[in-house]
Amino acid sequence: MVTATPSRPGSPGRTPRVRLAARPGAGPGKSGGSRRRDRLSVQNLSGLLFSAPFLALFLTFMAIPILATLLMSFTDFGLGNVTDPLSAEFLGFENYTKLFEDEKFLTSLFNTGYFVIIGVPLTVGAGLFAAVLLNSGVGRMRTFFRVGFYAPVVTSIVAVAVVWRFVLDPADGLISQLGAEVGLSTPDFLGSEALAMPSLIVMAAWRNLGTAMVLFLAGLQSIPTEVREAARLDGAGMWQEFSRITLPLLRPTMLYVVVMTSIGFLNVFEEPFVMTEGGPDNSTLTVSLGMYQQGFRFFHMGYASAMAYVLFTVILAVTLLQLRLLKDKTK
């Protein structure tokens with residue numbers, strides 16, 4: 001920018017001096033773009049420094065073990081290779097091919113699928129039913145019922161197992177005593193091949209419905225009351241309001257609850273481990289429990305790692321299928 005400096009008074013014949021005005025933002029140092037890049041680099045460095053503890057923990061306890069487990073699944077890694085991991089023999093896909101020839105693994109895969117197919121709808125349905133009741137049918141003591149339904153979620157599995165063993169005990173259990181009062185005999189729920197898995201499913205649904213209930217309750221409370229009132233003014237009954245308004249608006253919550261419940265049930269371990277140890281006759285043996293037995297009881301760690309990645313593949317496939325079936329309907 002060119003500016004003219006006027007001449008001083010008293011010097012009429014003096015030529016005006018011409019000078020260039022400095023551009024806005026320009027200075028004797030770096031340009032504005034350089035300073036902006038410096039600020040961004042400082043911010044990025046600060047972000048890395050603040051996230052460094054998490055990154056270190058993630059790499060140490062998550063990323064590196066996951067990668068090591070993947071490599072281990074292609075070897076015959078066992079207890080003798082702990083001190084010298086490089087001494088393990090590379091087997092390629094032999095562990096994976098053995099899995100699908102292993103009758104015990106196929107049984108555990110079937111049991112896990114049975115647990116998920118029956119347990120997930122039961123848990124989600126019970127959680128939705130409880131949430132609807134608490135949202136509309138219960139006025140007083142609502143907080144008490146919420147805590148009561150959610151308490152099993154945060155209760156130790158050992159305490160839950162003690163309670164359910166007492167309830168299902170064929171000799172002195174609560175169900176057997178109630179049956180004796182009306183002259184009915186009670187079967188051995190945990191000792192029967194036909195009843196052991198359904199008993200664990202009921203136990204798992206009872207223990208986990210609190211999480212589904214809390215999520216559904218949050219979803220129900222986010223639905224505008226004006227929508228329901230408009231439906232009632234149009235003559236919609238309770239079932240029409242629930243099926244045509246509540247359920248469609250709950251689809252995002254339903255998607256999350258179904259996916260997370262399915263992932264948890266595919267990883268089922270605690271219930272059979274504490275209650276039945278996979279019995280009777282492997283009728284409650286799941287993939288996670290079989291993986292634990294192979295890795296920490298028989299020390300076939302390479303074989304157990306292959307089981308883990310088969311389970312991971314199943315979980316990924318089920319999750320992607322659920323997202324595909326439900327995601328378009330939530331838009």
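## Ring pairs

Two rings of Phe, Tyr or Trp (its six-membered ring) form an aromatic pair if their centres lie within 6.5 Å; planes under 30 degrees apart count as stacked, over 60 as edge-to-face and the rest as tilted. Ring pairs of this kind link Phe269, Phe273, Tyr292 and Phe296 into a cluster. The structure holds 13 aromatic pairs. One of them joins phenylalanine 93 and tyrosine 96: the centres are 6.1 Å apart and the planes stand at 55 degrees, so the pair is tilted.

Burial is judged on relative accessible area with a 1.4 Å probe and protein chains only: buried means under 20%, exposed over 50%, partly exposed in between. Phenylalanine 93 is exposed at 57%. Tyrosine 96 is buried at 16%. Phenylalanine 115 and phenylalanine 265 also make a tilted pair, 5.1 Å centre to centre and 45 degrees between the planes. This pair links distant parts of the chain, 150 residues apart: phenylalanine 115 sits in helix H3 (residues 103-137), phenylalanine 265 in helix H10 (residues 251-266). Phenylalanine 115 is buried, with 2% relative accessibility. Phenylalanine 265 is buried too, with 5%.

## Basis of the model

This is a predicted model, where local features need pLDDT of at least 70 and side-chain atom pairs count only at pLDDT 80 or more, while totals for chains, interfaces and linings use all residues. Residues are numbered from 1 along each chain as its sequence is written, and side-chain values use heavy atoms, with hydrogens and water left out.

## Overall chain

The chain has 13 helices and 2 strands. These elements are DSSP runs, numbered from the N terminus: helices are H or I with at least four residues, strands are E with at least two. Of the 331 residues, 33% are buried.

Contacts are heavy atoms within 4.5 Å. Among contacts with a separation of 6 or more, 63% come from residues 24 or more positions apart. The accessible surface is about 20900 Å², and carbon and sulfur atoms own 67% of it. Areas come from the Shrake-Rupley method with a 1.4 Å probe; for residues, only the protein chains shown count as cover.

## Nonpolar patch

Patches are built from residues with over 30% relative accessible area and no salt bridge; like charges are joined within 9 Å, and nonpolar side chains (Val, Leu, Ile, Met, Phe, Trp, Tyr) within 5 Å. One nonpolar surface patch has about 1000 Å² of accessible area together. Its members include Leu48, Phe54, Phe58, Phe61, Met62 and Ile66. Methionine 62 lies in helix H1 (residues 32-72). The residue is partly exposed, at 42% relative accessible area.

## Salt bridges

A salt bridge is a side-chain nitrogen of Lys or Arg within 4 Å of a carboxyl oxygen of Asp or Glu. The whole structure has 3 salt bridges. One joins glutamate 94 and lysine 98, with the closest N and O atoms 3.4 Å apart. Both residues lie in helix H2 (residues 94-99), 4 residues apart, about one turn of the helix. An α-helix has 3.6 residues a turn, so residues three or four places apart point the same way. Glutamate 94 is partly exposed at 34%. Lysine 98 is partly exposed at 39%.

Arginine 207 bridges to glutamate 270 at 2.9 Å, N to O. That link spans 63 residues, from helix H7 (residues 196-221) to helix H11 (residues 270-275). Arginine 207 is buried at 10%, whereas glutamate 270 is partly exposed at 36%. Arginine 207 also forms a salt bridge with glutamate 271, the closest N and O atoms being 3.5 Å apart. Arginine 207 is in H7 and glutamate 271 in H11, so this pair ties together parts 64 residues apart in sequence. Both arginine 207 and glutamate 271 are buried.

## Helix H12

The buried residues are Val287, Ser288, Leu289, Gly290, Met291, Gln293, Gln294 and Gly295. Just after H12, phenylalanine 299 takes a positive phi of about 60 degrees.
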